[in-house]
Amino acid sequence: MGDCSNGERLPRCNSGAAPFDPRRFSKHIHDNVHGNIYLDRQALKFIDTEQFQRLRELKQLGTHILYFLSSFPQGAGLTCMVYPGAVHSRFEHSLGVYWLASDAVHKLKTYQGQELGIESFDVQTVKLAGLLHDVGHGPFSHMFEREFLPRVRDGIKWSHEDMSLKMIDYIVDEHSIDIDSGTLKKVKEMIVASEEGKSVSSKEKQFLYDIVANGRNGIDVDKFDYIERDTRACGLGCNFQFQRLMETMRVIDNEICYRAKEYLTIHKLFSTRADLHRTVYTHPKVKAIELMVVDALIKANDYLQIDSLINEPAQYWMLDDTIVKTIETSTHQDLEESRNLIRRIRRRDIYQFCNEFAVPKENLEYFKNVTAQDIICSQNSDAQLNEEDVIVTNVKIDLTSGRNNPLERISFFQDYDSFEKSHIKDDRISHLLPACYQDLIVRVYTRDPKLVEAVSNAFENFQMKTYGEKTQVHATPEKKKRLKYKEK
């Protein structure tokens, strides 16, 4: 009666007509990173819902907050230090991951499909996992679950991955999407495959679970997309070529492996990610504004009951980045403190970054997070700092495996005539590769610009007490200390 595509019956072609082309039943869009993308009918059923379209209102980077400031003249200090072009959303990212997941599984099917038993069901499952992996994200992405929720819900265990699973079920039920229960189950398993670094070794065709969220070694199409997309949006260079890995990967013993000659390409993947964390995701000014938004959300929580929306998808999908605009435009007295913080951001009156130091290598293993109380206890006798005046952030930047080398978890093969996989030690490749794989950076901020000097002095005293020397690179600039004299 007809041909099938993605489980749906299609009209039979007339006799003598051209062979069936699945693009006839897909939607063609152009992505500024990957070029032409084709969305199949099953994907469109999810995309064309208000819950998925919500991702347009969730900016991919916390740096988008700094876009508020882009209207200032070029000489206005902050403007030249931010990334006003980084306003892309989780919507574009999700489509990008969908496309790369599709490309990856199709390449494996082309080269090893018969050997691995890759079926259309597997292809569709991987594609949907890529598309839906981020539907559970909250406002301002990771900031919501890592900074805001722990401060309003002490001890809460909540993740956007788990909410993604709930949201997928909700979308299917709310929109009566016809999808096989087995497909849905595997899609959700693939989305949480990387949680807590746990692999799914008991799963059939485990290599499929490594494509979207790789808990085995951290190489996945999610990283491929956000690294390429974020560097491009921020105007930064990226010398990592994910296409090389996509073209040369091969499955051996149920694991995706890579040619030995791509060792340095993979190292660039992890080092580029670390560079993004240092220069973009945890940029000191970015973090200062994130801290202000977190304070604003906390002060607004009693009135808006933001944290009450995180349990049920039916309510949660209505929560997005526009919460800041809701606070800013409200005239309610209960939101006055929050509103004032948002307006401070607009006017570039942000929390002041005082200084930072990198934890010495020999102290990394037993390092304990520095707190605002630690800094207060180190203040000079003539200072009158309170804990509320100081914010300390402990920034951890690594190559995805903490203090370990992530490439030790990756399996390589010699060439396409080889059927054995093995691990490679760094020193077999180059002696220029790092011997340490993690940085811990302690940064201190003050909510009040008039207290920069007092907080900076206390921060230096803390370093002397802890390490016997000042480990910061340089003293806090005098012009920053003189902010207290700036007229408002």
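Let me open with a convention: I call a charge "over a ring" if NZ of Lys or CZ of Arg is within 6 Å of the ring centre and within 35 degrees of the ring normal. By that rule, Arg-56 lies over the face of Phe-91, 3.8 Å from the ring centre.

A word on what you're looking at, friends. This is a predicted model, in which local features need pLDDT of at least 70 and side-chain atom pairs count only at pLDDT 80 or more, while totals for chains, interfaces and linings use all residues. Residues are numbered from 1 along each chain as its sequence is written, and side-chain values use heavy atoms, leaving out hydrogens and water.

Now the overview. The chain has 17 helices and 10 strands; these are DSSP runs numbered from the N terminus, helices being H or I of at least four residues and strands E of at least two. Of its 488 residues, 53% are buried, where buried means under 20% relative accessible area, exposed over 50%, and partly exposed in between, with a 1.4 Å probe and protein chains only. Taking a contact as heavy atoms within 4.5 Å, 74% of the contacts between residues at least 6 apart in sequence join residues at least 24 apart.

On to the rings. How many aromatic pairs does a search of the whole structure find? The total is 12, counting rings of Phe, Tyr and Trp (its six-membered ring) with centres within 6.5 Å; planes under 30 degrees apart are stacked, over 60 edge-to-face, and the rest tilted. Phe-224 and Phe-240 are tilted, because their planes stand at 50 degrees, with centres 5.8 Å apart. Phe-224 belongs to helix 8 (221–233) and Phe-240 to the loop between helix 8 and helix 9 (242–248), so this pair ties together parts 16 residues apart in sequence. Phe-224 is buried at 4% relative accessibility, and Phe-240 is buried at 2%.

Phe-413 and Tyr-416 are also a tilted pair, with centres 5.5 Å apart and planes at 50 degrees. Phe-413 is buried at 1%, whereas Tyr-416 is partly exposed at 41%. Elsewhere, ring pairs link Phe-144, Phe-148, Trp-158 and Tyr-316 into a cluster.

Phe-413 takes us to the sheets. Two strands pair if DSSP finds at least two bridges between them. Strand 6 (residues 255–259) and strand 9 pair in the parallel sense over two bridges, and Phe-413 in strand 9 is the bridge partner of Arg-259. They belong to an open three-stranded sheet with the order 5-6-9 and mixed pairing. Its edge strands are strand 5 (250–252) and strand 9 (412–413), each pairing on one side only.

Another open sheet of three strands has the order 7-10-8, with antiparallel pairing. Strand 7 (352–358) and strand 8 (390–398) each have a single partner, so one side of each has no neighbour in the sheet. Six bridges join strand 7 to strand 10 (residues 438–446), and Phe-353 stands opposite Tyr-445 in strand 10.
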